[in-house]
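Here are a few friendly notes to read with the model open beside you. They go from the overall layout down to single residues.

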Amino acid sequence: MDKKRMLSAITTTGQITLGNYIGALKNFVALQEEFEMYIFVANLHGITVPIEKDILRKNIKSLVTLYFACGLDPNKSTVFVQSDVLEHAQLGWILTCNTTIGELQRMTQFKDKSTKIKSENGTEFIPTGLLIYPSLMAADILLYDPAFVPVGKDQKQHIELTRNIAERMNNKFGEMFSIPQEYTPKLGSKIMDLQDPSKKMSKSASNPKSYIALLDDLDVVRKKIKSAITDSENLIKYDPENKPGVSNLLTIYSSLTSKTMEEVETHFEGKDYGILKDEVADVVVELLSKIQTRYNELFNSQQVDEWLELGANKARKIAHKKLTKVQNLTGLNYKRK
């Protein structure tokens, strides 16, 4: 029986965090046993806001190495860099022309990021890519006809837009895209900021204590967890609304130990926050130690380049076939009726 296809990606806008690992990478590794996985580095999305070229190059190399260091298997998953498959940008433009400004302006992430740029820089200079990147994201998905796309809560709008664009173009030009379904892990899909647990852990946070990067010094990791915001109740209980800081630590522990939240609550019953932070730090450091060891082995190896070329070649074949079909149906290939 053929495996169903699943596709996802991470952008190259900064360091990869523990939140990225628990919400995405850890799931990718597990899902490659069950699905035909297509995982790419979204470097075209990484330039929607200004970034220095040397930093971008470093981020791309670091992310692809982390993909494999975290357990993605090039024999089980198709791993590639977005810009190595030119069809992404070409289909992205075609989809942009079939998307309205109103649809794009309603995207929550556009509103949030454009507001942040204004408040930080006091300027109206908002890159156009920040507005239209959801249509490129739709192309990223629709090129490969995946059955499922793993999405966090903050990305649901984008998958909905992708589905709307696909249905619109199918109705207008003829059947060209399959309609993807969203796939959301039940627990651990959203790890919160260690200093402000009302916000998602983000690699772009200004306070380095707010997040744990996968390549952080292990002593620094322990200090960050020790300084994580909790509350004054000293009661270890999973209650995201009333105890967001404690609940966030419990989610991290549950996700990395594969224990249910009920088992985790039982484990910490009667213990104090100091013990909770110590044990969370232990499981996080154990994980990062393994990832960093493998990362350092792979970072300057030819293996990573070979695996990426293998993945890009496989992705190109599928993407080229899909783009040709789209261009035939929309009239861009003038020789085809």
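1. Start with the layout. The chain of this predicted model is divided into domain 1, covering 5-188 + 302-330, and domain 2, covering 218-296. The centres of domain 1 and domain 2, taken over C-alpha atoms, are separated by 30 Å. Where the domains meet, domain 1 brings 12 residues to the contact and domain 2 brings 12 residues.

2. Next, have a look at the interior. In soluble globular proteins, nonpolar side chains tend to be buried together. Here the largest nonpolar core has 61 residues, and Leu18, Tyr21, Leu25, Tyr67, Leu256 and Val284 are those with the most contacts inside it. Helix H11 (residues 273-298) supplies the largest share of this core, with 12 residues. Domain 1 (5-188 + 302-330) and domain 2 (218-296) each give the core at least three residues.

3. Leaving aside residues up to four places away in sequence, which residues does tyrosine 67 touch? They are Ala9, Ile10, Leu25, Ile39, Phe40, Val41, Leu72 and Val79. There is also a second, separate core of 36 residues, and Phe80, Ile165, Ala166 and Phe177 are included in it.

4. Now turn to a pair of helices. Helix H6 (residues 128-142) packs against helix H7 (residues 156-173) at an angle of about 70 degrees, and their axes are 9 Å apart. Angles of 65 to 115 degrees count as roughly perpendicular, so H6 and H7 are roughly perpendicular to each other. On the H6 side, the contact is made by Tyr133, Pro134, Met137, Ala138, Ile141 and Leu142. On the H7 side, His158, Ile159, Leu161, Thr162, Ile165 and Ala166 take part.

5. A word on cysteines. How many disulfides does a search of the whole structure find? The search finds 0. Is cysteine 70 buried or exposed? Cysteine 70 has 10% relative accessibility and so counts as buried, the cut-off being under 20%. Cysteine 97, in contrast, counts as exposed because its relative accessibility is 51%, and exposed means over 50%.

6. Finally, visit leucine 332. This residue is found in the segment after helix H12 (302-330). With a relative accessible area of 52%, leucine 332 is exposed. Not counting residues up to four places away in sequence, leucine 332 touches Ile94 and Gln327. Leucine 332 and lysine 237 are 95 residues apart along the chain, and 59 Å separate their C-alpha atoms.

Notes
Residues are numbered from 1 along each chain as its sequence is written. This is a predicted model: local features need pLDDT of at least 70, side-chain atom pairs count only at pLDDT 80 or more; totals for chains, interfaces and linings use all residues. Side-chain values use heavy atoms; hydrogens and water are left out. Helices (H or I, at least four residues) and strands (E, at least two) are DSSP runs, numbered from the N terminus. Buried means under 20% relative accessible area, exposed over 50%, partly exposed in between (1.4 Å probe, protein chains only). Contact means heavy atoms within 4.5 Å. A nonpolar core is a set of buried Ala, Val, Leu, Ile, Met, Phe, Trp, Tyr and Cys residues joined through side-chain atoms within 4.5 Å. Domain bounds come from an automatic or database domain assignment. A disulfide is a pair of cysteine sulfur atoms within 2.5 Å. Axes are lines fitted to C-alpha atoms, for helices over the stretch in contact, and angles run from 0 to 180 degrees between N-to-C directions. Angles under 35 degrees count as roughly parallel, over 145 as roughly antiparallel, 65 to 115 as roughly perpendicular and the rest as oblique.
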